[in-house]
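Hi,

Here is the structure I promised to pass on.

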Amino acid sequence: ASHLVWFRADLRVHDNLALAAACRSSEVEVLALFIAPVKQWQQHSMAPRQAAFLLSQLNALQQSLAKRGIPFIVKPVDDFAASIDAVREVCETHKVTALFYNYQYEFNERQRDAAVEKALSHITCQGFDDSVMLAPGSVMTGNHEMYKVFTPFKRAFLRRLREELPECVNPPGVRTKALPDKLEPITLDYPQQPFDTDLFAVDEKSALVRLQQFCQDNVEHYDTQRDFPAIDGTSRLSACLALGVLSPRQCLQALLKAHPDALEGKIGAVWLSELIWREFYRHLITYHPNLCKHRPFLGWTDNVQWSNDRAALVAWQQGNTGFPIVDAAMRQLNQTGWMHNRLRMIVASFLVKDLLIDWREGERYFMSQLIDGDLAANNGGWQWAASTGTDAAPYFRIFNPTTQGERFDSQGVFIRQWLPALVDVPTEAIHSPWTWADKEQITLDYPRPIVDHKQARNETLAAYDAARKLL
Ligand code: FAD
């Protein structure tokens with residue numbers, strides 16, 4: 001007998017439910033597979049930085065699987081449709097008797113898995129809810145509906161965790177003889193952009209170290225530091241969670257080891273809450289597959305007359321809007337593939353509510369740059385900011401980008417880090433540098449604001465109001 005583990009967004013050997021299940025019996029041969037649907041990645045605007053991160057993890061995974069006696073097959077194909085044939089082919093060649101995989105909750109992925117199970121009707125297929133602490137469907141309202149609001153979802157979620165904590169499963173032991181250490185490096189035929197290995201773990205081992213360090217040393221300051229982009233106060237584990245180099249169960253267990261009262265609202269509770277947002281959005285796309293199809297949660301918001309101003313979109317993308325906190329944030333994104341959460345909210349709000357540009361443009365651009373690009377979280381974040389989502393910011397609440405900058409980067413430390421043109425602007429002028437420069441008769445090598453916030457705000461309110469009237 002031979003078992004095949006199909007890896008997708010679960011690139012780790014620790015606490016991997018499908019891998020553990022496939023290896024449970026010592027009698028069988030176990031093989032691992034990764035399929036790279038490169039055209040599909042292109043269509044979904046996968047960031048070259050995420051591709052480089054993925055490749056690094058694939059090579060590390062190949063090593064750790066080899067040490068355990070599990071060969072790793074990597075197959076490039078065009079798209080999901082072609083992956084079905086690729087799996088079938090591997091199953092035939094290696095006389096596979098059972099297929100193990102961890103569920104993905106995105107619409108296309110679910111369609112693909114259903115088609116694979118159909119095509120492999122003679123093989124036992126087993127799927128696992130591995131990328132979440134609690135499976136979609138297990139945290140529902142009294143009427144067995146998915147929650148639409150986060151707070152009651154979180155309350156029910158915490159209740160479930162207190163009843164029974166999801167445990168981590170062990171990595172598989174060594175099977176038969178270990179494979180040779182010298183392995184052919186894996187390559188991917190997809191554009192890549194190097195990532196900063198000090199900021200993002202290159203392999204599973206360093207991801208686990210980062211997680212433990214964060215839980216031991218930083219979680220207790222998270223509540224007070226997480227909103228300030230100049231401080232390195234968040235875990236930066238999102239890229240690992242997006243590709244499953246870490247599991248959320250590992251995060252939970254590491255957190256509780258360092259702070260056993262996190263479930264009771266004590267130290268660590270705020271970080272746990274962010275992990276629950278991640279689960280919320282995963283559960284949501286499972287129950288509302290339209291979210292994966294570029295649809296807003298609130299249908300009426302599709303009546304908003306978005307602006308087609310390409311120049312404004314490009315200015316936003318390149319960090320040339322003339323609003324320092326927005327521009328610094330976009331440059332952080334473009335240069336590192338990551339952006340601080342507070343800034344993601346600010347720049348998303350700016351694109352949608354100051355430039356009145358369709359949130360889907362922002363969603364797509366983020367995917368094309370983010371090392372942690374994740375459909376559920378990204379879509380959730382964009383729909384929250386655009387007020388098109390469930391439990392989103394109400395549409396009439398519009399961030400003022402200047403006061404956001406003043407509140408969350410009061411000294412301009414973050415701004416100066418990313419906008420060298422503003423290094424010499426005095427702190428009291430850093431959030432509106434042109435007002436100061438004009439008075440001082442200085443010319444800055446920095447764009448003037450591309451919109452007037454007050455006016456833009458009124459236009460946006462009018463556009464949403466008009467859309468709602470068409471309801
Ligand atoms: P921490 O603050 O340390 O949080 C721990 C983990 O919790 C994160 O790694 C992440 O997995 C999860 N998490 C935290 N906040 C959220 C949230 N609001 N929603 C869902 N999960 C969360 N996150 C992504 O992983 N991928 C995305 O593509 C993505 N796009 C976003 C787009 C917008 C417009 C917004 C507002 C948010 C987006 N987020 C996304 C959520 C959040 O900004 C990032 O998860 C976070 O900044 C990652 O940094 P960290 O790992 O240091 O997070």
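**Where the ligand sits**

The ligand lies between domain 2 (132-167 + 203-287) and domain 3 (299-469), because both of them give residues to the shell around it. The domain bounds come from an automatic or database domain assignment.

Before the rest, two bits of housekeeping. This is a predicted model, in which local features need pLDDT of at least 70 and side-chain atom pairs count only at pLDDT 80 or more, while totals for chains, interfaces and linings use all residues. Residues are numbered from 1 along each chain as its sequence is written.

Back to the ligand. The shell holds 28 residues, and the closest are Thr234, Ser235, Ser238, Asn378 and Gly381; a residue is near the ligand if its C-beta atom, placed from the backbone, lies within 6 Å of it. Four helices, α8 (238-243), α10 (269-287), α13 (341-354) and α15 (375-385), supply at least two shell residues each. Which one gives the most? That is α15, with six residues. Sorted by class, the shell has 13 nonpolar, eight polar and seven charged residues. For those classes, Ala, Val, Leu, Ile, Met, Phe, Trp, Tyr, Cys and Pro count as nonpolar, Asp, Glu, Lys and Arg as charged, and the others, Gly among them, as polar.

**The chain as a whole**

The protein chain has 19 helices and five strands, which are DSSP runs numbered from the N terminus (helices are H or I, at least four residues; strands are E, at least two). Its radius of gyration is 23 Å, which agrees with the value near 23 Å that a compact globule of 471 residues would have; the radius is taken over C-alpha atoms, and the globule rule is 2.2 Å times the number of residues to the power 0.38. Along the principal axes, the C-alpha atoms fill a box of roughly 80 × 50 × 45 Å.

Of the 471 residues, 44% are buried (20 or more other C-beta atoms within 10 Å of a residue's own; exposed is 12 or fewer, partly exposed is in between, and C-beta atoms are placed from the backbone). Of the contacts with a separation of 6 or more, 79% link residues 24 or more positions apart; a contact means C-beta atoms, placed from the backbone, within 7 Å.

As for confidence, the average pLDDT is 97, and 99% of the residues score at least 70 (pLDDT is the predictor's confidence in each residue, from 0 to 100). The model scores ipTM 1.00 and pTM 0.98.

**Domains 1 and 3**

There is also domain 1 (2-131). The C-alpha centres of domain 1 and domain 3 lie 38 Å apart. Their contact takes nine residues from domain 1 and 10 residues from domain 3. On the domain 1 side, these are four nonpolar, three polar and two charged residues.

**A few residues to look at**

Trp6 is in strand β1 (residues 2-7). It counts as buried because it has 26 C-beta neighbours inside 10 Å. Leaving out residues up to four places away in sequence, Trp6 touches Leu33, Val87, Leu99 and Tyr101.

Ser45 is not a glycine, yet has a positive phi of about 55°. Ser45 sits in the loop between α2 (38-43) and α3 (48-67), and is partly exposed, with 15 C-beta neighbours inside 10 Å. Arg236 also has a positive phi, near 55°. Arg236 lies in the loop between α7 (204-225) and α8, and with 17 other C-beta atoms within 10 Å is partly exposed.

Cheers

Key. Two residues are in contact if their C-beta atoms, placed from the backbone, lie within 7 Å.
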